[in-house]
Amino acid sequence: MATGTGADLQQGLIRFDITTGVFDRFATNKDFIDVAAGQDGRIYAFEFTPVSLPAFPAPPYNVQVYNPVTMAFIRTVTLASPELPLAIVVNTQGLIYAVVGDNLIYEFATDGTLLRTFSPGGVNLNDLDISPAGQLIAGGSTGSVVVMNDPGHDLPISFTVGNTQAFVAFGNLN
């Protein structure tokens, strides 16, 4: 996704050491629209394919997987998604969850095969996070928020935080 011009138009991912302040750029030949630190210890970067607006990128929807320590490329996972994923998260087993702006959450196998979709009750879901315990939280463009303790298997907790975008994240404030 182009966010600069000239020398400021750089691609890739940045690994930042909060202790030393040193950073390293890697995967410099790719543009990404979302990055997730997978609970399986890998970095998952959802690749952006530039198009002329107002068109949306078309398949394939590729997720590039990297080793966060060595920054080495591991593999490409092509998601069998019917629409452009807007946010992804990855659990400890390497399952990839995505939202595409509709009312569903998509679950993909480690190879990108669509395993299932489930409707947690949110509207226009386009942001997603996963807790260390495996809970999912999704936010929508109309303020809806959905929390699932066991994604797709329990009744979700739903609420609205207004009528504009709800960005979501788990955190530890200790």
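**Exercise 1.** Which residue in E12 is the bridge partner of Leu125?

Solution. The model is a predicted one, in which local features need pLDDT of at least 70 and side-chain atom pairs count only at pLDDT 80 or more, while totals for chains, interfaces and linings use all residues. Residues are numbered from 1 along each chain as its sequence is written, and side-chain values use heavy atoms, with hydrogens and water left out. Begin with strand E11 (residues 125-130), which pairs with E12 in the antiparallel sense over five bridges; strands are DSSP runs of at least two residues, numbered from the N terminus, and two of them pair if DSSP finds at least two bridges between them. Within this pairing, the bridge partner of Leu125 is Gly140. The hairpin of E11 and E12 has five residues between the strands, and Gly134 there takes a positive phi near 95°.

**Exercise 2.** Why is strand E12 (residues 136-140) described as largely enclosed?

Solution. Five of its five residues are buried (under 20% relative accessible area), so E12 is largely enclosed by the rest of the structure. In a regular strand, side chains alternate between the two faces of the sheet. Leu136, Ala138 and Gly140 point one way from E12, Ile137 and Gly139 point the other way, and all are buried.

Key. Buried means under 20% relative accessible area, exposed over 50%, partly exposed in between (1.4 Å probe, protein chains only). Helices (H or I, at least four residues) and strands (E, at least two) are DSSP runs, numbered from the N terminus.
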